[in-house]
Amino acid sequence: MLHIYCPYCGENRDQDEFKAKGEAHISRPLDPMGCTDQQWGDYMFFRKNPRGVHHEMWYHVAGCRKFFNMTRDTVTYRIYETYKMGEQPSVTAESLAGGQS
Amino acid sequence: MSTVSSKKSASRKVAQSNRLTRGGRINRNKPLKFSYNGKTYEGFEGDTLASALLANGVDIIGRSFKYSRPRGIFAAGAEEPNAIMQLGATEATQIPNVRATQQELFDGLVSNSVNGWPNADTDLMSYIGKAGGKMMPPGFYYKTFMYPESMWMTYEKYIRKAAGLGRAPAEWDPDTYDKMNHHCDVLVVGAGPAGLMAALTAARAGARVIIADEQQEFGGSLLHSADTIGGLPAAEWVKGIVTELQRYEDVLLLSRATVNGYHDHNFLTIHERRTDHLTDRAPLNMSRQRMHKVRAEWVILATGAHERPLVYANNDVPGNMLASAVSTYIRRYGVVPGNKLVLMTTNDDAYQTALDWKLAGRDVVAIVDTRANPTGALIEEARKLGIRLIPGSAVIDVEGGKRVHGAVCCSIDATGSKVTSGKEVLTCDTIASSGGWSPVVHLSCHTGSRPVWNDEIIGFVPGAAKEQRLCAGAVHGVYGLGKVLEDGVNAAQQAVAALKLNQPEVELPSTFEPVKSPAMALFYVPHVKPVSRAPKQFVDLQNDVTAGGIALATREGFESIEHVKRYTAMGFGTDQGKLGNINGMAIAAMTMGKTIAETGTTIFRPNYTPVTFGAVAGRDAGHLFDVKRFTAMHKWHVEQGAEFEDVGQWKRPWYYPKAGESMHDAVNRESKAVRDSVGILDASTLGKIDIQGPGAREFLNRIYTNAWAKLDVGKCRYGLMCHEDGMVFDDGVTSCLGDNHFLMTTTTGGAAGVMEWLELWHQTEWPELEVYFTSVTDHWSTLTISGPNSRKLLAELTSDIDLDKDTFKFMDWRAGTVAGVPARVFRISFTGELSYEINVQANYGLHVWEKLFEHGAKYNLTPYGTETMHVLRAEKGFIIVGQDTDGSVTPFDLNMGWAVGKNKPFSFLGQRGMQREDCVRDNRKQLVGLKCSDSSVVLPEGAQLVDNPKHPVPVPMLGHVTSSYYSPNLGHGVAMALIKGGLSRMGDKVYAPLRDGRVIEAEICSSVFLDPKGERQNV
């Protein structure tokens, strides 16, 4: 069971309190009606499924009810960081490959 | 003689014939009676069930899984493959598959072997097994009973009866179980020499420490060791360490507590057996078992090593045992499990077993050492005692059926790959074997790390740690008492440093280290015949996997060790291959001409030993299994004899049967009462979300499909919610309480999901909107009165709300007082009748409910439940989200395009989705009404609909019935269905072919069956 640091509560809590909500940083198109079916389909359905570093959105459902983001390794389950909604990750697959974490 | 129990003719046997008069950690002044397979025996306090059975000379404790061969106790701990028992004095306290080696004896313990038919001593299935291993190779069941496929279910019943382990109790478990959560700095797994030193070091540094061990006492191997530590007998030294550990406030010592699971981020589960050693049933007010859930900063694995048996022909005959187990029984329990011992070993350690046996006053026939020139301190000691040593040799076969009679000894070559000279049969009743040690790496694998082969120690050691995990002692191949103690200190010092605590003073006690010669790597003892033709050489005793079976699997093309495991079932038993796995992998490697390092190992998963369901469930059983939610009027419903329905976690009244009424009668009566006069529904369970803030109105515009810009204070509006794909997922009425204040209602089951949905969009996409959401479902009681007389009834209970039909209109709400209580009254309707939803603070709910009944008697005020609610709404064609929709239905499919805003400036959720190519095509399934041609028929919900029931299969499907009820108000069935292009097929006939052969004809019609103009709710 993962041990997750909620960036809003400022504490590590058990995974039981959280819900995984899939890939992070999916933005709703600003002009939905201007999207083609394909663009809309990409936004709605297509998600990354990397082996390794992934940015995910989580929901502290049994806690502060805040959504936040997490950089997590899908192989080792190591959590590199959690960060607030609207912020960008400081750890990425590229930064790790470049040796700067 | 020790075989006495298996012979009926043996009239009377000496009690505990194998018990020594002195020694062991048992209390001879405290005899305990227990039963095994219906016979009563005696043991002592401190015994395990296994040691007590051995003391009484019981040889056969079960039959093997596949070949039904007689089996005896083989080991002394968690690795025991054979002595798997059914425990329990009553039906309710039955526990299957308990290892006799880990079950402490108590007075009155009742045990039985788990297999063997008609009994363990005489098993009919064994004749099939005896007829030759060739008859039952790996994959036997699949290969033999595969065809015809339809018969598998029949075969399976008998196969399961003949094989299988244990049985679950048929009655409710009378005991309670619980769970406990912990955090600690250092969790030490195992309280042997390494674990104790690690815990001591961490404790002295001031760390918060938990140390857990599966045995009843701390000490691990030291409890049966001949060693001295710091000049004290090992067990005495243990006592001193434990006494010190008990003094620290922040040190938790858990015995009888197996660390069974090592999960991600250093989360470990510990299964503690609190009363299993005391009585059949837990004492009053005491939980039987406890699951500890520990989150540890650092974990130190000090799980030691299991001795590896040797694989030779007929090595499963009772009397074959692990060398260290024999020592354990002698030294710890004062039990010698036989009279004449042959010891076969590849290493020096096992010599101790022969010494122990000899010192117990029994006969050591010979030590057969696979090495040509063994030298070392223990070997010298054996020689001094006059024990015969046969070097460069091996026991290749065993004589005897229900007990060992002889060991067939041959010399072998230096690599142990073939037999080099003729045989000598050594008469004996016990053969102890040792192939060296296998580190107990199980926990290190649980989070995905693969063990690594180490040639030097001839075993797998834990792979690189993913977590903050350290190892101490034999678990990573550190052997020799002095080194093990030091390793425990080292591991703890690493943790202490990482925790930024001060390093404590720890002095290493003195130990005696005998000089030893190197061990030989031998995983398979050669026979004069090749592996495929030799008598059965067992690798995995619990699953009856033989060396020949593994060789066959590799010949059949199973080369990956994971495939070999699954094909042969090696390591699949309740013992998880603790004894056999390494030998099996080595044999697979050998037959494929690879090294063990190349073949690798399968990995172990939780749990290390079986855990009872009780411990997993804890208190979450019976009435605590799931949360139940009750409304404020629940007591009243119960008193009125309501039948209840589960809606999510809520208990909702389903219908209120009067004496002698069927459900059908009750629902008909309730339905008519609403349409004829007035009924009342407890609608408190509907989700209610209070929405406030300057951005609230705009937020609603974006979340709902319809427009909210112009909804005035005092007004209510029905809304549909769609996901971004344009599919309906919830509906409800939202009311404007103030300019920046709304009350949203949701479906009962959807409340939590809607709340999350609102938060999601607010927090992730539109944080610029200032708006706040609060769940107020439980804060309000909702009492819905519905029917032509509802206004008259309400008028009797309120003086400050003007109920005039022109001022308090349909879809208005008013604040005021009802039955003397502040209330919000919403004039909305889910029945199509004149209705008022009275909302009061939840704790006034019952009061207002009862007042309504005081005044309602003259109007025949009738309580109605969810079933009547469904009938009434179906008469009106009102949808239930989740029943008439299934996540693939747009508002247009529901013929509810009127609820989709056309001119909303912001592209609301679902707008783009419902205009995708597939969502705007013709012939989508659309919600319509269905009226059966035979008005007495009610269509079954879920029935599939077709145009032509006589069409050859496959018949094109049109859709299905989503809702269907008998309408007492209309006198016929009413149904709704999703039908392809249904809205443009009014008047068409469709057919529902049913499973029972009937074909029901129905006509597509409007889904509004009653009062199509909606006049009844507008009076």
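Residues are numbered from 1 along each chain as its sequence is written, and chains are lettered from A and ligands numbered from 1 in the order in which they are written.

**Confidence**
- The model scores ipTM 0.97 and pTM 0.90.
- Chain B has a mean pLDDT of 93, with 94% of its residues at 70 or more, pLDDT being the predictor's confidence in each residue, from 0 to 100.
- Over residues 1-13 of chain B, however, the pLDDT is below 50, although this stretch has 23 contacts in the model beyond near neighbours in sequence; a contact is a pair of residues whose C-beta atoms, placed from the backbone, lie within 7 Å.
- Where pLDDT is low, the predicted coordinates should not be read in detail.

**Chain A**
- Chain A comes to two helices and six strands, in the order β-β-β-α-β-β-β-α from the N terminus, where helices (H or I, at least four residues) and strands (E, at least two) are DSSP runs, numbered from the N terminus.
- Its C-alpha atoms fill a box of roughly 40 × 35 × 20 Å along the principal axes.
- Of the 101 residues of chain A, 20% are buried, a term that requires 20 or more other C-beta atoms within 10 Å of the residue's own, all placed from the backbone.

**Chain B**
- Chain B has 24 helices and 49 strands, and its C-alpha atoms fill a box of roughly 115 × 75 × 55 Å, taken along the principal axes.
- Buried residues make up 52% of its 1019 residues.
- Among the contacts in chain B with a separation of 6 or more, 67% join residues 24 or more positions apart.

**Interface**
- In the contact between the chains, 19 residues of chain B meet 18 residues of chain A.
- Helix H20 (residues 751-764) of chain B gives the most to the chain B side, with five residues.
- By class, that side has two nonpolar, six polar and 11 charged residues, with Ala, Val, Leu, Ile, Met, Phe, Trp, Tyr, Cys and Pro counted as nonpolar, Asp, Glu, Lys and Arg as charged, and the others, Gly among them, as polar.

**A helix pair in chain B**
- Helix H7 (residues 323-333) of chain B packs against helix H8 (residues 351-359) of chain B at an angle of about 35°, with their axes 8 Å apart; axes are lines fitted to C-alpha atoms, for helices over the stretch in contact, and angles run from 0 to 180 degrees between N-to-C directions.
- Residues making this contact include Ile330(B) of H7(B) and Trp357(B) of H8(B).

Technical notes. Predicted model: local features only at pLDDT ≥ 70, side-chain atom pairs only at ≥ 80, totals over all residues. Contact = placed C-beta atoms within 7 Å. Buried ≥ 20, exposed ≤ 12 C-beta atoms within 10 Å, placed from the backbone.
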